[in-house]
Amino acid sequence: MAAPGENLKIDKDRLWQSLEEMAQVGPGVAGGNNRQTLTDADAEGRALFQSWCEAAGCSMGLDTMGNMFARREGTDPEALPVYVGSHLDTQPTGGRYDGVLGVLAGLEVVRSLNDLCIATRHPIVVVNWTNEEGTRFAPAMLSSGVFAGVHAQDWAEDRTDAAGARFGDELDRIGWRGEEPVGARKMQAFYELHIEQGPILEAEGRAIGVVTHGQGLSWTQVTVTGRDAHTGSTPMPMRRNAGLGMARILELVDRIALSHAPHAVGAAGHVEVFPNSRNVIPGRAVFTVDFRSPDAEVIADMEARLAEGAAKICAEMGLELALEQVGGFDPVAFDPDCVARVRAAAERLGHTHMDIISGAGHDACWINRVAPTAMVMCPCVGGLSHNEAEEISPDWAAAGADVLFHAVVETAGIVE
């Protein structure tokens, strides 16, 4: 389809104002947001989004996982819609832009088309996916995962939060369960704009990240068992220190990830030692190793080297070892045609850009399984995200939204 002209742009000030208004719903304690999924604040944010969509002439669809679909009609009733969006839920101490930028930029695409009296052949649908963050109900990207057939809906609805509240019950409680079956919709394509959540674009001085791949992920829970003993009276050669074994394994994790630089990463964010007393040598350590790479063979290599190396370390130290795979997903390669439209849009608009691999999971990673998908990224200050101090500039937001606008409209097809 013909590419839009380079003068086709969104309303920068309106987009920023929408971001500011949504940030007033579920405010955090330090300038960000606490709008966790299926809370009263989430319900309020959904209602505000729906009111804006209806004011823009869209009809609102709602499925049985609470996913919201605001539709702007196209001229061809047989043409599949082009979908665009992200999520409105946040971390407990979340920023104002993670996910929200992608939803409200999608709305701004519709608003700007209305302003310019532009019709598209394909309908355009703006999506708010339920529970992308997974902070209240694990795992992340839960409802887009159900949509894509990754998770069973019954299993997803039975997820519980720390207080024991059930996902399905909370969805009913806030009144945002629809009747439409999940996954029934067919898509021409899906586009998601997101802040990078990393430091690369800002460090490289690029306004746009053209996301070609999403990293695969492997979580291995490691349990190292030694023997609790007194820290003062146990001779050094006679200790079976599970904490020391964990430390040596974590050094190994770092070496393994660095051997696959620059795209592979590895660390342990979840760490527990027992009995966790000042004067007791740890008898047990439990930690989860997080390996990520855009290459499935690299992930497999890292897993194998962890298993072999950890076994050797524990054998030398007289420790027992248990490994359990507790999570993961395969790397994602986004649709080449959709990615090319994003790249061409950045070039057409004169924005500095670079190809980039997403280090975080996004709804687009699941939707890529059922429809041609691509992502656009814009920088965030210092790469900081999942933090109330998360920050972007109006210019970065506008550049990302303009690239999104062009890619979506080119896919949807302008009617002359």
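Select Asn-276 first: at 63% relative accessibility this residue counts as exposed (buried means under 20% relative accessible area, exposed over 50%, partly exposed in between, with a 1.4 Å probe and protein chains only). Asn-276 has a positive phi of about 60° although it isn't a glycine, and it sits in the loop between E10 and E11. Before going on, note that this is a predicted model, where local features need pLDDT of at least 70 and side-chain atom pairs count only at pLDDT 80 or more, while totals for chains, interfaces and linings use all residues. Residues are numbered from 1 along each chain as its sequence is written, and side-chain values use heavy atoms, with hydrogens and water left out.

Stay in that loop and pick Pro-275, placed between E10 and strand E11 (280-281). The peptide bond joining Phe-274 and Pro-275 is cis, with omega about 5°.

Next, go to Pro-262, in the loop between helix H8 (242-258) and strand E10 (265-274). Helices (H or I, at least four residues) and strands (E, at least two) are DSSP runs, numbered from the N terminus. Here too there is a cis peptide bond, linking Ala-261 and Pro-262, with omega about 5°.

Now jump to His-386, in the loop between strand E16 (373-378) and helix H12 (394-412). His-386 is not a glycine, yet its phi is positive, about 55°. Its relative accessibility is 38%, so it counts as partly exposed.

Time for the cysteines. How many disulfides are there? The count is 0, taking a disulfide as a pair of cysteine sulfur atoms within 2.5 Å. Select Cys-53 and Cys-58: the sulfur of Cys-58 is the closest cysteine sulfur to that of Cys-53, but at 5.5 Å it is too far for a bond. Cys-53 is buried, with a relative accessible area of 1%. Cys-117 is in no disulfide either, its nearest cysteine sulfur being that of Cys-58, 15 Å away. Cys-117 counts as exposed, at 71% relative accessibility.

Finally, zoom out to the whole chain. Colour by secondary structure and you'll get 12 helices and 17 strands. The radius of gyration is 23 Å, close to the 22 Å that the globule rule gives for 416 residues, so the chain is as compact as a globular protein of that length (the radius is taken over C-alpha atoms, and the rule is 2.2 Å times the number of residues to the power 0.38). Draw a box along the principal axes, and the C-alpha atoms fill roughly 85 × 45 × 40 Å. Buried residues make up 54% of the 416.
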